[in-house]
Amino acid sequence: MINNTEYVEQRPVESRKQVQYSQPPDNSWDNITDYVTYTPNWLHADGRIYASAAGEEYRVAEVSPYNPNFKSQIEAGVWPIVNALVNKGYLTNASCEGHGWQVECYISLVTPTLESAINLANQLKIDPWEITVKTDRSIWDYDSALKTTTNVLSRDELKTKVFPYYNKIFRRNYKEYFFIDMNLDKYWGYSKLWNWLTKTPSKKYKIAMEQMTDHITNKLPHSIY
């Protein structure tokens, strides 16, 4: 289990109003604590957690699992799995419980080598989850106040724009990161159409979420990275 007190200064929790309008840290800052305790995302009325306010362009920040307020940055529907992964020492960089038109929940992790990413993906593969290893991805552009981009960043772009930020929030010094995406259809099951129309996750989906949480907690080894 991650011990937050080993990595961060304990600070008062910022109010939602303050967090709502906060800006991402400048990548030139040297104080790692500012990155680790950075909590810009907040819970909105639609159940989603992200950093922008009403009327602003949508943006969301990837936050440190060492943050003492980490749970406030993760949506409730995926928190059990994210928490189980973090307690095993894995580095989660993004997640979503799925909302409205987005019928899939997902959790994304990073590792420092392609071999370790493939190995972890194989250990996470249980039905009906879709587990994918990626070497590049569409990701937030930290040079533009976390505004979204539809471009897939190349490895060179990731190395200059994203990986330095990851090293700060993860307290690592890795030259590379590789991505493992975990996806599950919220309405998976025989009554998928009805579940989609009523926006009610299927029973099979709930069972699959519980099975993955149990699998991580009881069968996945602790991360060595």
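## Overall composition

A residue is called buried when its relative accessible area is under 20%, exposed when it is over 50%, and partly exposed in between, with a 1.4 Å probe and protein chains only. Of the 225 residues of the protein, 47% count as buried. The model is a predicted one, in which local features need pLDDT of at least 70 and side-chain atom pairs count only at pLDDT 80 or more, while totals for chains, interfaces and linings use all residues. Residues are numbered from 1 along each chain as its sequence is written, and side-chain values use heavy atoms, with hydrogens and water left out.

The protein contains eight helices and eight strands. These elements are DSSP runs numbered from the N terminus: helices are H or I runs of at least four residues, and strands are E runs of at least two. A contact means heavy atoms within 4.5 Å. Among contacts between residues at least 6 apart in sequence, 60% join residues at least 24 apart.

Two strands are said to pair if DSSP finds at least two bridges between them. Four strands form an open sheet in the order 3-4-8-5, with antiparallel pairing. Strand 3 and strand 5 (130-134) stand at the edges with a single partner strand each, so one side of each has no neighbour in the sheet. Direction ignored, neighbouring strands of this sheet are turned by 20° against each other on average.

Strand 3 (residues 91-96) and strand 4 run antiparallel and are joined by five bridges. Leu91 has Val110 in strand 4 as its bridge partner, and Ser95 stands opposite Ile107 of strand 4. Strand 4 also pairs with strand 8 (residues 178-185), in the antiparallel sense and over eight bridges. Here Ile107 stands opposite Met182, and Cys105 stands opposite Leu184. Five bridges join strand 5 to strand 8, again antiparallel; in this pairing Ile131 has Met182 as its bridge partner.

## Burial within the sheet

Strand 4 (residues 104-111) is mostly covered, with six of its eight residues buried. In strand 8, eight of the eight residues are buried, so this strand is largely enclosed by the rest of the structure.

The side chains of strand 8 can be sorted by direction. Phe178, Ile180, Met182 and Leu184 point one way, Phe179, Asp181, Asn183 and Asp185 point the other way, and all are buried.

## Helix 3 and helix 8

Axes are lines fitted to C-alpha atoms, for helices over the stretch in contact, and angles run from 0 to 180 degrees between N-to-C directions. The axes of helix 3 (residues 79-87) and helix 8 (residues 203-218) come within 9 Å and cross at roughly 10°. That angle makes helix 3 roughly parallel to helix 8, a term for angles under 35 degrees, whereas angles over 145 count as roughly antiparallel, 65 to 115 as roughly perpendicular and the rest as oblique.

At this contact, Pro80, Ile81, Ala84 and Leu85 of helix 3 meet Met209, Met212, Thr213, Ile216 and Thr217 of helix 8. The residues involved divide into seven nonpolar, two polar and no charged. In this classification, Ala, Val, Leu, Ile, Met, Phe, Trp, Tyr, Cys and Pro are nonpolar, Asp, Glu, Lys and Arg are charged, and the others, Gly among them, are polar.

## Loop residues

Two arginines lie in the loop between helix 6 (163-169) and strand 8: Arg172 and Arg171. Arg172 counts as buried, because its relative accessibility is 19%, while Arg171, at 34%, counts as partly exposed. A polar atom of the Arg172 side chain lies 2.7 Å from the backbone oxygen of Phe170. Leaving aside neighbours within four places in sequence, Arg172 is in contact with Tyr66, Gly89, Leu91, Asn167, Tyr177 and Tyr225.

Most residues other than glycine have a negative phi, and most peptide bonds are trans. Arg171 has a positive phi, near 55°. The peptide bond from Asp127 to Pro128 is cis, with omega near 0°; Pro128 is found in the loop between helix 4 and strand 5.

Methods
A polar contact is a pair of N or O atoms within 3.5 Å; within protein, one must be able to donate a hydrogen and the other to accept it, and residues adjacent in sequence count only if both atoms are side-chain atoms.
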